[in-house]
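Please look over the predicted model shown below before reading the report that follows it.

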Amino acid sequence: MSKGGFSDSYDAVVVGAGNGGLVAAATLAAKGCKTLLLEQHNLPGGFASSFVRGRFEFEPSLHEVSDFGPPHDKGNVRILLEDKIGIDTEWFPVPEAYRLIIPHEKGGRLDATMPFGEEEYLAKMEEYVPGSRESVYKFIRLCEEVVDAFTYLGQSRGNPDKKVLTSKYGNFLKTASYSLQDVLDALKMPYRAQKIITAYWCYLGVGVKDLSFSIFAAMFYRYITKQAFIPRYRSHEFTTALDMKIRELGGDILYNTRVEKILVEDGRVVGVETSHGDRIKTNHVIANTSPHTVYSRLIHPRTAVLEIAWKTCNARKVGFSAFVVYLGLDKSPQELGLNEYSYFIYSTPDTNDIYDAFHRLERPIGQATVCLNNAVPDCSPEGTSIVYLTTLFSGDAWKNVSPAEYFKLKNRIAEEMIDEFEKVVNVNLRDSIEEIEVATPATFARYTGAFNGGIYGYEPVVWDSVLPRMMTMNEEKYIKGLEFAGGFAFRCHGYSSSLQSGETAALLTYKDIMEGK
Amino acid sequence: MTGDRINIKIKPLGILDLLAFKNLVPGRKKRIQKAPATVIGSLQPVNALACKLHPAVQHLIVGEVREETGDVRTYRLLPHKEKGTEQLAYFRPGQYLSFTFEVEGATVTRPYSISSSPQEALAGYYEITVKRSDGGFISNYIWNNWTVGSEVEAGGPEGQFYYDNLRDRRHIVGIAGGSGITPFRSMAKSILEGDLDISLTLFYGSNRKDEIIFKDDLAALQAASGGRIKVVHVLAEEKVEGFEHGFITAGLLKKYVDLDSCSIFICGPQAMYEHLDSELAKLEMRRKFIRKEVFGEIKNVERLSGYPAEAAGKNFKMLVHMGKRTVEIDAAAGESLLVALERAGLCPPSVCRSGSCGVCRSLLIKGDVFIPADVDGRRQADKKFGYIHPCVTFPLGNLEIVVPRRKVR
């Protein structure tokens with residue numbers, strides 16, 4: 001077991017112990033590579049962490065992990081963490097997919113609680129929107145084909161048989177260049193069913209008129225068919241379990257150690273330099289951070305960043321940051337009247353309007369709120385509950401905020417979100433707040449160093465979604481020996497994507513190491 | 001796949017959809033080629049805001065030293081601009097700063113509540129107020145070494161001991177003991193400066209009248225507050241006309257305030273917390289209305305309940321892995337692992353020294369330890385996997401631990 005020491009040279013160095021970095025380091029260490037994981041913070045996980053206030057331990061960012069599946073029907077993430085890496089973490093299923101409330105929807109308030117399971121989902125939708133079944137059924141079949149096609153693409157390791165693609169996955173190809181809204185329109189899905197089925201859009205952070213259909217389809221299908229899960233002791237449980245596994249496999253981890261430079265010679269990685277002045281030789285770096293950060297702050301010399309690399313960054317748009325209100329309440333969920341785990345509340349019907357509003361520093365008009373106890377009953381002491389309310393902001397919405405107005409501003413926005421939740425769900429949270437913490441884009445920037453506080457990767461709009469990223473992965477590799485993991489990698493953001501991105505980056509790096517590249 | 005084949009067309013002709021697909025990569029390339037090659041700046045606005053709110057380090061310089069009582073001094077600290085600190089970080093009244101000291105070859109930290117107000121930080125100074133105590137390693141160091149012009153190093157504002165309008169009642173009952181008055185002075189000033197829209201009734205326990213810190217200050221704040229600030233002095237060791245006598249009890253609080261409309265904030269020494277815990281239990285208030293500042297280093301751990309008597313007074317060995325170093329050091333039963341690490345000159349990271357912030361979080365590989373339950377602020381998964389907070393962890397035998405290096409700031 002690694003006991004905290006480190007050497008002067010490694011097969012691979014992983015920069016950042018977020019979801020992608022942890023999985024990458026564990027995967028490489030398991031393959032016998034001499035691996036070093038460097039993290040600027042004193043904890044593993046990045047956004048996948050936890051913090052304690054009074055008698056409550058809060059989850060900073062996770063709502064649920066999708067593509068996880070129950071033990072008898074494992075999803076890719078459970079297979080990755082439990083079977084391939086083998087970590088010791090207890091997971092709880094989330095009880096329902098979501099409750100969606102749009103108070104001012106066309107035709108009156110929309111309030112739908114949707115279950116997991118394809119048949120259950122279809123039946124419930126028909127109940128809320130009579131006549132929707134056929135189009136929703138077709139939508140789910142399309143989503144299934146997208147998932148199957150991605151699985152095939154993964155198995156073909158970048159060399160898919162074009163005949164197989166066109167014959168078996170024709171719908172996947174035909175929808176790949178369209179938005180979610182384009183496909184919903186083509187299916188002639190009833191309006192209110194469209195609203196219900198697109199509720200998860202905010203997890204990808206792009207309005208449905210611009211959001212890539214493929215990525216939404218893959219996410220939606222995995223949610224509905226594989227349920228969603230959360231760890232018993234917040235994300236800090238699986239990230240610490242990964243830390244322990246990496247050490248057990250002989251990988252070295254250094255916390256409080258920021259990478260200052262990724263050293264590049266003749267277009268390839270030759271080492272890293274840390275905030276402690278450590279100079280470590282390696283020909284392979286996996287960066288669990290954004291290309292924006294890597295090119296603007298880490299690559300040394302800066303002239304090693306090609307013009308095309310800057311163009312690629314500038315063509316893409318860094319996704320949203322978040323604003324989260326964490327509440328420790330001194331009443332049980334039953335006493336509070338909170339019956340669901342996950343609430344999506346959209347104060348305005350149009351997702352693109354909400355998307356636009358997230359760019360302005362004003363009253364949030366969309367929130368995703370979780371009552372953790374409804375999935376993990378003992379996550380807080382008996383007679384208490386943990387609720388967190390999340391909205392999104394672009395980092396730039398906060399760029400002119402001064403420290404002197406910061407605390408009042410964040411409490412004002414927190415209050416607006418609590419008010420909206422109370423009004424729409426018809427409950428009272430205010431009188432039971434025992435602990436409160438509020439995270440803003442600056443908070444996420446503080447703990448992770450994320451580019452402008454972003455919690456998402458590049459926006460998965462049609463032209464920059466998973467498929468086009470996959471198809472251009474090799475040609476957009478601008479520095480030899482450098483791979484990316486995390487929300488900015490080709491799978492896009494979200495816990496399940498970023499975790500799996502770590503495995504992909506590790507396998508690509510391992511291949512290069514074996515081939516002496 | 002299920003057997004149902006569907007055949008989607010987005011455009012009227014499916015063939016157009018396939019063309020659109022074929023255009024996906026060329027379209028992407030065109031977008032990238034058309035994008036500007038502008039070099040991206042290394043400090044984004046939100047990251048800059050985070051640095052202003054939570055600077056890793058604040059270089060300060062002592063600008064003024066004031067005697068408060070015979071053994072209490074207030075130090076006014078100014079930004080040390082030549083060392084790169086242009087502005088002081090804004091904070092919430094009640095927060096503290098963690099100072100770093102190099103003393104006798106050891107790097108040691110201490111948290112001190114800020115006794116000045118946020119407006120004063122904007123105006124260019126912090127104040128901290130330090131009581132010299134017998135055996136107080138750092139308080140004596142400050143007394144002996146800090147004079148006008150001394151260079152001082154602190155981190156950013158820390159801690160959760162502050163009023164929150166979404167959680168607390170607007171009438172705050174402050175209970176302070178000795179130098180625990182410091183965060184309340186900051187709050188009281190903020191009331192007058194318009195930053196805190198609350199009223200404050202302060203019960204301030206001192207041993208003797210001449211030991212009351214900020215006596216005149218508090219009187220002036222009360223006088224100028226238009227009834228929003230009231231101070232009740234309680235003297236433990238002498239009876240003086242116009243002052244309450246004894247300890248702060250539930251009955252005394254009830255004599256002055258309607259506790260059904262208050263939130264209680266407590267800051268003082270360990271002994272006062274032990275006394276108040278039983279007094280406040282009598283009030284049967286909801287926990288949300290009672291907030292306590294962490295009190296720092298645990299003293300007399302060996303007499304806490306649950307402590308295994310056989311370990312008391314013993315000396316152990318601790319094998320420490322830190323970066324590239326592995327060293328064996330001494331660890332005394334009565335001292336926290338953090339103190340042992342500091343004594344050995346290892347320069348471990350720490351901030352709150354009270355078990356809650358987790359900055360000293362380290363991995364216990366081998367050995368038994370004692371962690372007092374009421375200060376065990378660890379995450380549940382850390383308990384599961386054997387991570388500890390050395391500042392509130394005490395050795396019960398020989399140990400082996402992995403300690404992260406302190407962040408370079």
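Between which two strands of chain B is the loop in which B:Glu104 lies? The loop runs between β3 (96–103) and β4 (106–113) of chain B, and the description below, which concerns a predicted model throughout, begins with that residue.

## Two residues with positive phi

B:Glu104, in the loop between β3 and β4 of chain B, has a positive phi of about 45 degrees although it is not a glycine. Because its relative accessibility is 74%, and residues over 50% are classed as exposed, B:Glu104 counts as exposed.

In chain A, A:Gln227 is likewise a residue other than glycine with a positive phi, here near 55 degrees. A:Gln227 is found in the loop that connects α10 (213–226) with β9 (228–231) of chain A. Its relative accessibility is 25%, and therefore A:Gln227 counts as partly exposed.

## Overall dimensions of chain A

Chain A contains 19 helices and 21 strands, and its C-alpha trace spans about 65 × 60 × 45 Å along the principal axes. For 517 residues a compact globule would have a radius of gyration near 24 Å, and the 22 Å of chain A therefore agrees with that expectation.

Of the 517 residues in chain A, 69% are buried. The accessible surface of this chain comes to about 16700 Å², and carbon and sulfur atoms account for 48% of that surface. Among the contacts in chain A with a sequence separation of 6 or more, 72% are between residues 24 or more positions apart.

## The five-stranded sheet of chain A

Chain A has an open sheet of 5 strands, in the order β10-β2-β1-β14-β21, with parallel pairing. Its edge strands are β10 (252–254) and β21 (482–484) of chain A, each of which pairs on one side only, and the twist averages 20 degrees from one strand to the next.

## A cis peptide and a covered helix

A cis peptide bond, with omega about 0 degrees, joins A:His300 and A:Pro301. A:Pro301 is found in the loop between β15 (299–300) and α13 (307–315) of chain A.

Which residues of α13(A) are buried? They include A:Ala309, A:Trp310, A:Lys311, A:Thr312 and A:Cys313. The cover over the buried residues of α13(A) includes elements from both chains, among them α12 (291–298) of chain A and α2 (24–34) of chain B.

The domain assignment of chain B gives domain 1 (50–154), domain 2 (171–292) and domain 3 (301–402). The centres of domain 2 and domain 3 of chain B, taken over C-alpha atoms, are separated by 34 Å.

Chain B has an open sheet of 6 strands, with the order β10-β9-β8-β7-β11-β12 and parallel pairing. Here the edge strands are β10 (244–245) and β12 (290–292) of chain B, each pairing on one side only. Strand β7 (residues 171–177) of chain B runs parallel to β11(B) and is joined to it by 6 bridges, with B:Cys262 in β11(B) as the bridge partner of B:His171. Helix α7 (residues 215–224) of chain B packs on this sheet, where it touches β8 (199–206) and β9 (229–235) of chain B, and its direction makes about 145 degrees with that of β9(B). Helix α9 (residues 270–281) of chain B also packs on the sheet, touching β7, β11 and β12 of chain B, and its direction makes about 155 degrees with that of β11(B).

B:Asp260 is found in the loop between α8 (250–256) and β11 (262–267) of chain B. Its relative accessibility is 63%, so B:Asp260 counts as exposed. How many residues apart in sequence are B:Asp260 and B:Arg169? They are 91 residues apart in sequence, while the distance in space is 9.5 Å from C-alpha to C-alpha.

Terms used. Residues are numbered from 1 along each chain as its sequence is written. Chains are lettered from A and ligands numbered from 1 in the order in which they are written. This is a predicted model: local features need pLDDT of at least 70, side-chain atom pairs count only at pLDDT 80 or more; totals for chains, interfaces and linings use all residues. Side-chain values use heavy atoms; hydrogens and water are left out. Two strands pair if DSSP finds at least two bridges between them. Helices (H or I, at least four residues) and strands (E, at least two) are DSSP runs, numbered from the N terminus. Axes are lines fitted to C-alpha atoms, for helices over the stretch in contact, and angles run from 0 to 180 degrees between N-to-C directions. Domain bounds come from an automatic or database domain assignment. The radius of gyration is taken over C-alpha atoms; the globule rule is 2.2 Å times the number of residues to the power 0.38. Buried means under 20% relative accessible area, exposed over 50%, partly exposed in between (1.4 Å probe, protein chains only). Contact means heavy atoms within 4.5 Å. Accessible areas come from the Shrake-Rupley method with a 1.4 Å probe; for residues, only the protein chains shown count as cover.
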